[in-house]
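Hi,

Here is the structure I promised to pass on. Have a look at it first, and then read my notes below.

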Amino acid sequence: MIAPSLLSADFARLGAEAQRVADADWLHFDVMDAHFVPNLTFGLPVLQALQKVSPVPLDCHLMIENPERWAPGYAEAGARNVTVHAEACTDPRAVARDIRAAGALAGLAIKPGTSLDGYLDVLEDFDTLLVMTVEPGFGGQAFMPEVLPKVRRARELVESGHLTLFVEVDGGIAADTIEQAAEAGADVFVAGSAVYGADDPAKAIAALRARAAAAFSG
Ligand code: DX5
Ligand code: ZN
């Protein structure tokens with residue numbers, strides 16, 4: 001699945017920007033609070049407004065402190081998937097339970113420096129693992145191939161039946177990096193600048209999807 005990130009869209013025309021990627025699978029919505037990450041974007045009222053007009057299911061990536069307090073609201077608003085950061089949660093299982101109870105898929109995100117080891121048990125309660133392939137906070141950064149062993153490990157756990165998860169990658173995904181991520185076993189690809197920075201976002205999505213499908217080993 002290809003999930004364009006609105007972080008690289010024109011914030012003055014968010015509804016129209018969602019329409020421009022109508023053939024995407026998920027629309028990635030990066031919530032930043034200027035505390036968990038050193039940047040500030042948009043939050044629940046914007047998600048609620050966008051939910052009414054987006055032709056694509058919304059994929060919320062909460063880069064915020066105290067996600068326990070906010071994550072269920074995004075699910076109640078109708079988001080398809082709500083992802084919280086492992087580093088920000090005191091009880092990831094409880095957050096997953098609340099997100100699912102509110103009707104969304106539950107995702108757990110890990111920063112490049114965070115090991116998967118400490119979270120293997122709690123992942124049973126999640127639907128999505130988001131492996132950050134840049135440091136969270138900004139679009140347009142360089143892809144970090146050194147995190148791909150975590151993608152590979154997650155894919156093995158899914159293939160062996162130990163976990164049922166989407167394995168999502170986020171950061172620096174473009175035509176020249178998506179194959180490595182797909183080959184490692186990712187099946188959801190967030191792309192901000194590679195989609196919204198292109199002259200024709202629909203064409204960029206199709207090209208990314210074709211490259212990923214050809215390389216996916218899962
Ligand atoms: C970064 C965000 C990403 C960002 C990716 O913290 O989580 O979703 O939009 O942007 P690109 O694809 O430009 O690296
Ligand atoms: Zn993101």
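A quick term before anything else: helices (H or I, at least four residues) and strands (E, at least two) are DSSP runs, numbered from the N terminus. It's a predicted model, so local features need pLDDT of at least 70 and side-chain atom pairs count only at pLDDT 80 or more, while totals for chains, interfaces and linings use all residues. Residues are numbered from 1 along each chain as written, chains are lettered from A and ligands numbered from 1 in the order written, and side-chain values use heavy atoms, leaving out hydrogens and water.

The protein chain has eight helices and eight strands. Its C-alpha atoms fill a box of roughly 40 × 40 × 30 Å along the principal axes.

Now for ligand 1. Three strands, β2 (27–32), β3 (58–63) and β8 (188–191), each give at least two residues to the shell around ligand 1. β2 has the largest share, with three residues.

There are 20 residues around ligand 1, and D30, G137, D170, G192 and S193 come nearest (near means a heavy atom within 4 Å).

Next, the polar contacts (pairs of N or O atoms within 3.5 Å). A polar side-chain atom of D30 is 2.8 Å from an oxygen atom of ligand 1. For G137, a polar backbone atom lies 2.7 Å from a ligand 1 oxygen, and for D170 an N or O atom of the side chain is 2.7 Å from an oxygen of ligand 1. The protein buries 100% of the 380 Å² that ligand 1 exposes when taken alone (Shrake-Rupley method, 1.4 Å probe).

Cheers

Definitions and conventions
A polar contact is a pair of N or O atoms within 3.5 Å; within protein, one must be able to donate a hydrogen and the other to accept it, and residues adjacent in sequence count only if both atoms are side-chain atoms.
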